[in-house]
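Good morning, and thank you for coming.

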Amino acid sequence: MITDVTLACLRKCGRTAEPSQAARWRDLLRYIGVDKIEDLPDPGACTPVYCESAADCDPAELAALHGQSRPTDEFGGDLPYAPPRNLLRLFGLDDALLREDFRNFQARLRQSGLPLEPAFGNTFGCATALGLTWLTEGGEHLVCSFAGIGNLAPLEEIITALHLFEAREFPGLYLLPRARDLFTRLGGALCVPIGETKAVIGPLLFAVESGVHVDGLLKDAALYEAFAPELVGAARHILLGAHSGRSSVRLCCAAAGLPCGEGQDAELARAVRALSRERGRCLRGDEFFALYKQVCRESDASADSA
Amino acid sequence: MRPLTVLDVTLRDGGQAPGYVFSREAKIRLARLLVDSGVRRIEAGVPCMGREEQEDIRAVKEACPTALVSTWNRARRSDIESACDCGADLAHICMPVSDLHIRKKLGMEPEEALDGYLECAARARARGLAVSAGFEDASRADAGFMLRLARALTTEGVCRIRISDTVGVLTPLRTTALVRLLVPVVPELEIHAHNDLGMAEANSLCAVMAGAGCVNTTLSGIGERAGNCGLSRFARLAARSGLFALDVDENDAARAEREAAPLLRRDNGIFKAKLRGLRCALPVAGGKWNTHRSTL
């Protein structure tokens, strides 16, 4: 079960969502397929524990903290006992992946029989890897937050990976851009800036410029994309720049309804690369159009003279 | 502690990400920053792109004579010829290994591709180049095919094999399994991770824990789509694990990224205009004309 704690993390950052916005957030994530959306931690439902390092995390100590240790009388006999049913929310463990035996470490935690709900910390950028491994190896619960706010595993990365690798369906992944926009409106992007190419939710994640990649995408988009952009509500963009090749040029000409013959495409691609290097950026439409006219005029003139 | 090497691909994979254009001066500056931070291996560019790129690679090598400067090449005769003309120390040859890439991109059968790769590696070796091979799309490839190719390339004298997670779908467990499969049959294994699911650094760490000896990084993690394994982030991970003697210090890597930041500005041209809501009057120059929705 995936628990989203974005709203609580926003509150910690001083960005408390209005009730209507919080309701929209909950609705949106429910559509996406997230199991549990938490606004305020329910002390009856989970006991928070913080382990700064995996080295300090001992399942026996966790059991004692959680009240799982069976009480005994003075002669060592068992006393009547009802184990607690609430989850043990385990924060921290940022460095768990730095251990050579991280897989065994997670296995020991699972085998402890404790109702654990890890909220892996992301100080070393490993929370997604830790969370995904936890779930794929048999862990039941995981705490995440959108874009990783609150230094947790980014929700969008975890659910996309589960969708791709674990046949766990999230029918509303295509709504992730809307979640990103709402997250930004809630002030989340001020706490955790979302880069143009942030994994899964970056607005320009599927932009392509290099000739090799564009050529590959034209043959089969799966060659250079792990998943179709539509899956996460994104779109593919093809840019013309210093690494563009003939395929990009032909594609752009076709999109604009411009004829582009053999030979012209190579010449145009060379001109695009040269101009892009000169300007130090990708080309704009008007710049490409001017280049096209210039290259075509020159090639027509040389054909006439021949 | 086990020695571990970084091969930085900022100038190649980083530079080909949309919006980044490095001038020759910028490339030299970035290469010097990398070398100053301790990086000893630099992938400087793609010679088949033309004379200017070849001159850039030569300039990088001249500016950083102590670094091992390599080039990225396809498994084609023309690419190998270009690689000979730019003064680099090593030619890296990209060899697609997944069925998807071999059949759809190259239009070949796997056996045909394998023969072609070996011939290409032999040709490069005969031209006096040191050669490393990159298994493109290794994360979706058949293990048996990769093993056969790795063994044959090792016999051919290839000094290093790169596992490329081309579309960023490796997970820590799959990375570990893949590296353990190939490590026993190659001289040195290198990991090239992409960050599509936010696991580039974690996968790189798992790869070196499983026996890989070299990690591909870029400054600030720039690269195709969500980027590559970031240099300073990985240096930090390696240092904190206490298991590896990386040739790059975490503080030096962080300083290199800070100093490189002005050179790593991204300008997507059309997108900036589009985001500002600008529209051009020319029929082909609107905000959308070279922005293709996914109906390719």
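**Domains, helix packing and the chain contact**

Let me start with domain 1 of chain A and domain 2 of chain A, whose C-alpha centres are separated by 43 Å. Please keep in mind throughout that this is a predicted model. The assignment places residues 2-70 together with 81-191 in domain 1 of chain A, and residues 206-306 in domain 2. Where the two domains of chain A touch, seven residues come from domain 1 and seven residues from domain 2. On the domain 1 side of that contact, helix 6 (155-165) and helix 7 (176-185) of chain A are the elements that supply two or more residues. By class, that side of domain 1 of chain A consists of six nonpolar residues and one polar residue, with no charged residue.

Helix 7 of chain A also has a packing partner within the chain. Helix 2 of chain A, residues 19-32, crosses helix 7 at roughly 160°, and the two axes come within 10 Å. Angles over 145° count as roughly antiparallel, and helix 2 of chain A is therefore roughly antiparallel to helix 7 of chain A. The crossing of these two helices of chain A is left-handed. From helix 2, the residues that take part are Arg24(A), Trp25(A), Leu28(A), Leu29(A) and Ile32(A); from helix 7, they are Leu176(A), Arg178(A), Ala179(A) and Leu182(A). This contact between helix 2 and helix 7 of chain A comprises seven nonpolar and two charged residues, and no polar ones.

Which residue in the loop between strand 6 (142-145) and strand 7 (153-154) of chain A deserves a look? Ala147(A) lies there, and its phi is positive, about 60°, although the residue is not a glycine. The loop between strand 6 and strand 7 of chain A also holds Asn151(A), another residue other than glycine with a positive phi, in this case near 60°. Are these two positions buried or exposed? A residue counts as buried when 20 or more other C-beta atoms lie within 10 Å of its own. Ala147(A) has 27 such atoms within 10 Å and is therefore buried. Asn151(A) has 17 C-beta neighbours inside 10 Å, and so it counts as partly exposed.

I turn next to the contact between the chains. Here 53 residues of chain B are in contact with 67 residues of chain A. On the chain B side, the elements that give two or more residues are helix 5 (99-105), helix 8, helix 9, helix 10 (231-241) and helix 12 (270-275). Helix 10 of chain B gives the most, with five residues. The side of chain B that touches chain A divides into 24 nonpolar, 18 polar and eleven charged residues.

Now to chain B itself. Its secondary structure amounts to twelve helices and nine strands. Of its 296 residues, 56% count as buried. Among contacts in chain B with a separation of 6 or more, 71% join residues 24 or more positions apart. Chain B is divided into domain 1 (2-265) and domain 2 (271-296), and the C-alpha centres of these domains of chain B lie 34 Å apart.

Within chain B, helix 8 (residues 172-182) packs with helix 9 (residues 200-209) at an angle of about 35°, the axes being 8 Å apart. This crossing of helix 8 and helix 9 of chain B is right-handed. Helix 8 contributes Pro172(B), Thr175(B), Thr176(B) and Val179(B), and helix 9 contributes Ala202(B), Asn203(B), Cys206(B) and Ala207(B). Five of the residues in this contact of helix 8 with helix 9 of chain B are nonpolar and three are polar, while none is charged.

Why is helix 9 of chain B described as largely enclosed by the rest of the structure? The reason is that ten of its ten residues are buried. Among them are Glu201(B), Asn203(B) and Ser204(B), as well as Leu205(B), Val208(B) and Met209(B). Following helix 9 of chain B comes Gly211(B), with a positive phi near 130°.

That concludes the tour, and I would welcome your questions.

Conventions
Residues are numbered from 1 along each chain as its sequence is written. Chains are lettered from A and ligands numbered from 1 in the order in which they are written. This is a predicted model: local features need pLDDT of at least 70, side-chain atom pairs count only at pLDDT 80 or more; totals for chains, interfaces and linings use all residues. Axes are lines fitted to C-alpha atoms, for helices over the stretch in contact, and angles run from 0 to 180 degrees between N-to-C directions. Helices (H or I, at least four residues) and strands (E, at least two) are DSSP runs, numbered from the N terminus. A crossing is left-handed if the near helix is turned anticlockwise from the far one by less than a right angle, and right-handed if clockwise. Ala, Val, Leu, Ile, Met, Phe, Trp, Tyr, Cys and Pro count as nonpolar, Asp, Glu, Lys and Arg as charged, and the others, Gly among them, as polar. Domain bounds come from an automatic or database domain assignment. A residue is buried if 20 or more other C-beta atoms lie within 10 Å of its own, exposed if 12 or fewer, and partly exposed in between; C-beta atoms are placed from the backbone. Angles under 35 degrees count as roughly parallel, over 145 as roughly antiparallel, 65 to 115 as roughly perpendicular and the rest as oblique.
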